[in-house]
Amino acid sequence: MRCFDVFNGDADGICALRQLRLAEPLESTLVTGLKREIELLKDVPARRGDRVTVLDISLDRNRAGLETLLALGAQVRYFDHHFAGPIPKHPNLVAVIDESGTLCTSALVDRHLLGRFRAWAVAGAFGDNLPEAALELAEQEPVIARLTKEREIDLHRALASRPARSSPTADAFVLPDAPWSRRVSGTFANRLSLSDPQRAHAVLTPAARGGYSVSVRSPRGNGLSAVDFCRRFATGGGRALAAGIDRLDPDRLDSFLDEFSSAWQVAGAG
């Protein structure tokens with residue numbers, strides 16, 4: 001029997017895996033990618049009797065790979081909090097999925113392990129822009145003050161920026177190519193959404209491999225969800241109110257800004 005750990009290469013995915021392997025040490029083959037490179041199950045060479053643990057990647061984006069693994073006889077355990085779509089019914093699949101938007105994958109693993117390695121869950125929740133969940137898990141440990149201060153510095157820089165495109169229903173920001181902008185992109189999008197929940201918000205940051213990573217927050221009470229908008233693009237996915245695009249080609253920046261600016265005007269008109 002071989003074991004494969006398949007996980008999102010961001011803080012949440014890494015911290016979720018760290019908890020599991022502290023609790024259940026074993027030798028495994030690691031399958032991951034950079035943040036937002038999440039179509040990973042197609043690359044797993046598992047066969048009958050092998051064990052595959054999946055962490056923090058959308059089932060919807062990996063459906064074909066998952067169905068192939070199950071058909072081959074692999075045993076799959078799946079922890080995630082992104083949009084999943086219909087979850088396959090199969091005796092070899094254990095799916096721990098929560099799309100509520102209040103828990104990250106690290107928090108789901110923390111609950112599964114009864115809090116045995118909670119510090120890693122706290123780090124994962126902060127890294128996934130869920131400060132309320134992180135603070136609840138942390139119960140005000142001293143390290144929280146330091147993390148909060150550093151996040152506030154990054155956020156202050158972002159709040160000083162101006163929209164690259166603005167319409168009656170939406171604002172889109174293009175942040176500079178800098179480490180702080182990549183750290184704060186999701187937090188900044190969340191802050192914009194909380195400050196003006198009736199508008200749509202997009203935050204674009206230059207990606208390491210070219211193009212842009214995009215965080216989208218949809219307005220509350222409007223029929224078009226963030227994930228429905230992002231799934232118009234090849235690498236889009238996420239949740240109803242908070243979604244993203246893994247990589248937007250730089251040549252599509254202007255057309256994206258045009259489409260984003262008008263999307264909720266059209267949706268609201270219906």
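Helices (H or I, at least four residues) and strands (E, at least two) are DSSP runs, numbered from the N terminus. The model is predicted, so local features need pLDDT of at least 70 and side-chain atom pairs count only at pLDDT 80 or more, while totals for chains, interfaces and linings use all residues. Residues are numbered from 1 along each chain as its sequence is written, and side-chain values use heavy atoms, with hydrogens and water left out.

Following α4 comes Asn129, with a positive phi near 60°. Asp128 is found in the loop that runs between α4 (118–127) and α5 (131–138). Asp128 is buried yet lacks a salt bridge, a term for a side-chain nitrogen of Lys or Arg within 4 Å of a carboxyl oxygen of Asp or Glu. The nearest side chain of opposite charge to Asp128 belongs to Arg239, 4.9 Å away; here Lys and Arg count as positive and Asp and Glu as negative, and His and the chain ends are not counted. The side chain of Asp128 does have a polar contact of 3.1 Å with that of His81 (a pair of N or O atoms within 3.5 Å; within protein, one must be able to donate a hydrogen and the other to accept it, and residues adjacent in sequence count only if both atoms are side-chain atoms). Leaving aside residues up to four places away in sequence, Asp128 touches Asp10, Asp12, His81 and Cys104, contact meaning heavy atoms within 4.5 Å.

Salt bridges number 18 across the whole structure. In one of them, Arg231 pairs with Asp60, with the closest N and O atoms 3.3 Å apart. Arg231 sits in the loop between α8 (226–230) and β10 (236–238) and Asp60 in the loop between β3 (51–55) and α2 (63–72), so this pair ties together parts that are 171 residues apart in sequence. Both partners count as partly exposed, Arg231 at 42% relative accessibility and Asp60 at 22%. Asp110 and Arg118 form another salt bridge, at 2.9 Å between the closest N and O atoms; Asp110 is buried at 3%, whereas Arg118 is partly exposed at 32%. Asp5, Arg21, Glu24 and Arg77 are linked in a network of salt bridges.

Arg183 also forms a salt bridge, with Asp154, the closest N and O atoms being 2.9 Å apart. Because Arg183 lies in helix α7 and Asp154 in helix α6, the pair ties together parts 29 residues apart in sequence. Asp154 is buried, at 8% relative accessible area. Both residues are among those lining the second largest pocket, as are Phe126, Gly127 and Asn129. Two or more lining residues come from each of α4, α6 (143–159) and α7 (179–195), with α6 giving the most, 4 residues. The volume of this pocket is about 220 Å³.

The search also finds 1 cavity of 30 Å³ or more. On a 1 Å grid over the protein atoms alone, a cavity is a set of points where a 1.4 Å probe fits but cannot get out, and a pocket is an open set with protein on both sides within 12 Å along at least five of seven lines; lining residues have an atom within 4 Å of a point. Grid points are joined across faces, edges and corners, and a volume is the space filled by probe spheres set on the points. The largest cavity holds about 30 Å³ of space, and its lining includes Asp60 and Arg231. Strand β10 supplies the largest share of that lining, 3 residues.

Definitions and conventions
Buried < 20%, exposed > 50% of the residue type's maximum accessible area, 1.4 Å probe, protein only.
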